[in-house]
Amino acid sequence: MLVVMKPQATQAQIDAVLEKIRGLGLSPHAIPGAQRVAIGITGNKGALDGGLFVAMPGVADAIRVSQPFKLVSREVKEEDTVIDVGGVPLGGPALVVMAGPCSVESKEQILEAAEGVRAAGARFLRGGAFKPRTSPYEFQGMGEEGLKLLALARERTGLKVVTEVMDPDDLPMCVEYADVLQIGARNMQNFSLLKRLGGAGKPVLLKRGPSATIREWLMAAEYVLAHGNYQVALCERGIRTYETMTRNTLDLNAVPVLKSLTHLPVVVDPSHGIGLRRHVPAMARAGIAAGADAIIVEVHPQPERALSDGQQSLSIPEFAELMGQVRIIAGALGRPLS
Ligand code: PEP
Ligand code: MN
């Protein structure tokens, strides 16, 4: 249920509604809007009686939320969520570009990648220090050393850092170094990790599970919001289908569908989505055209020597060429590049 307060409702009237919800053993979530405050209620097993709230002073309406996901839904919050990542807005009118290698491999590699993508116009540096590899014999990432190198690259370039957290035990360490915490596709339904992110105090980039429906994905995001962190962006990175010519099937249907169902920012990852370097730019362009708020692209100074995902990584000149096209498409859509 969503309790919508009148635009002129006082803080005391809002507090009274919050108290009443707590008194029923439920959780209130105050959602400030441009015009008025709305209060989402979670924790109820069955339908709540709106009459409990509509008679209270300052209350405009009490609305049942029809979707199983509540706090992430547009029903509960109409306006787009804009995540402020250290001064760079994610989810607003400006299009954001995140780029960098799949894995942090060395100081030279990450600094060269960071400087290259920065010069081409990216605002975020991606790079994994903890890598979820299908095989235990493949490169597993540099761990904390990799996080330190990402922080150094941020210091040198001003780029914001997005990096994956795989294990709840590593969360405090990742929070210390990252600007955005990436939850990988394989961990989308790691509920203990999702709950821990509620108190992380850092924005989260939640990737779509390889076989997750949009509903399951939104429910996973709901875990993070329900545990107190409203700064979540959703990243479409391709799903598993019967197709074998491409690594995954980038589900661009998800972009407009998400934009209508949720207020959270939507990011497209064309690199994991198609998995083939020569086709990544086409899918990056398509993701922006479909309405993504950001793209995240794998870029490596020497893709052929990458320790992970080289086959889908752009070189720095290839990325710079893509950025020229990104500016034109974003401009055609009336979106500046952040
Ligand atoms: C990655 O971003 O390098 C990665 C492992 O992505 P995903 O979780 O989408 O497979
Ligand atoms: Mn990768």
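View 1. The model is predicted; local features need pLDDT of at least 70, side-chain atom pairs count only at pLDDT 80 or more, and totals for chains, interfaces and linings use all residues. Side-chain values use heavy atoms, without hydrogens or water, residues are numbered from 1 along each chain as its sequence is written, and chains are lettered from A and ligands numbered from 1 in the order in which they are written. E7 (residues 96-100) and E8 (residues 124-126) are paired in the parallel sense over two bridges; strands (E, at least two residues) and helices (H or I, at least four) are DSSP runs numbered from the N terminus, and pairing requires at least two DSSP bridges. Ala99 also stands opposite Val297 in E14, a strand that pairs with E7 in the parallel sense over five bridges. Val96, Met98 and Gly100 on one side of E7, and Val97 and Ala99 on the other, are all buried (under 20% relative accessible area, exposed being over 50% and partly exposed in between; 1.4 Å probe, protein chains only).

**View 2. Four protein residues donate to the manganese ion (ligand 2).** Glu298 belongs to strand E14 (residues 294-298) and Asp309 to the loop between E14 and helix H11 (316-332), so the pair ties together parts 11 residues apart in sequence. Glu298 is buried at 1% relative accessibility, and Asp309 is buried at 12%.

**View 3. An open sheet of four strands is ordered E2-E3-E1-E4.** Its pairing is antiparallel. Strands E2 (27-32) and E4 (59-63) are at the edges with a single partner each, so one side of each has no neighbour in the sheet. Strands E1 (residues 2-5) and E3 (residues 37-42) are joined by three bridges, with Leu2 partnered by Gly40 in E3.

**View 4. Leu197, Leu206 and Phe319 have the most contacts inside the largest nonpolar core.** This core has 77 residues (buried Ala, Val, Leu, Ile, Met, Phe, Trp, Tyr and Cys joined through side-chain atoms within 4.5 Å). Domain 1 (2-63) and domain 2 (83-332) both contribute residues, so the core lies between them; the bounds come from an automatic or database domain assignment.

Methods:
Donors = N, O, S within 2.8 Å, 3.2 Å for Na, K, Ca; no water.
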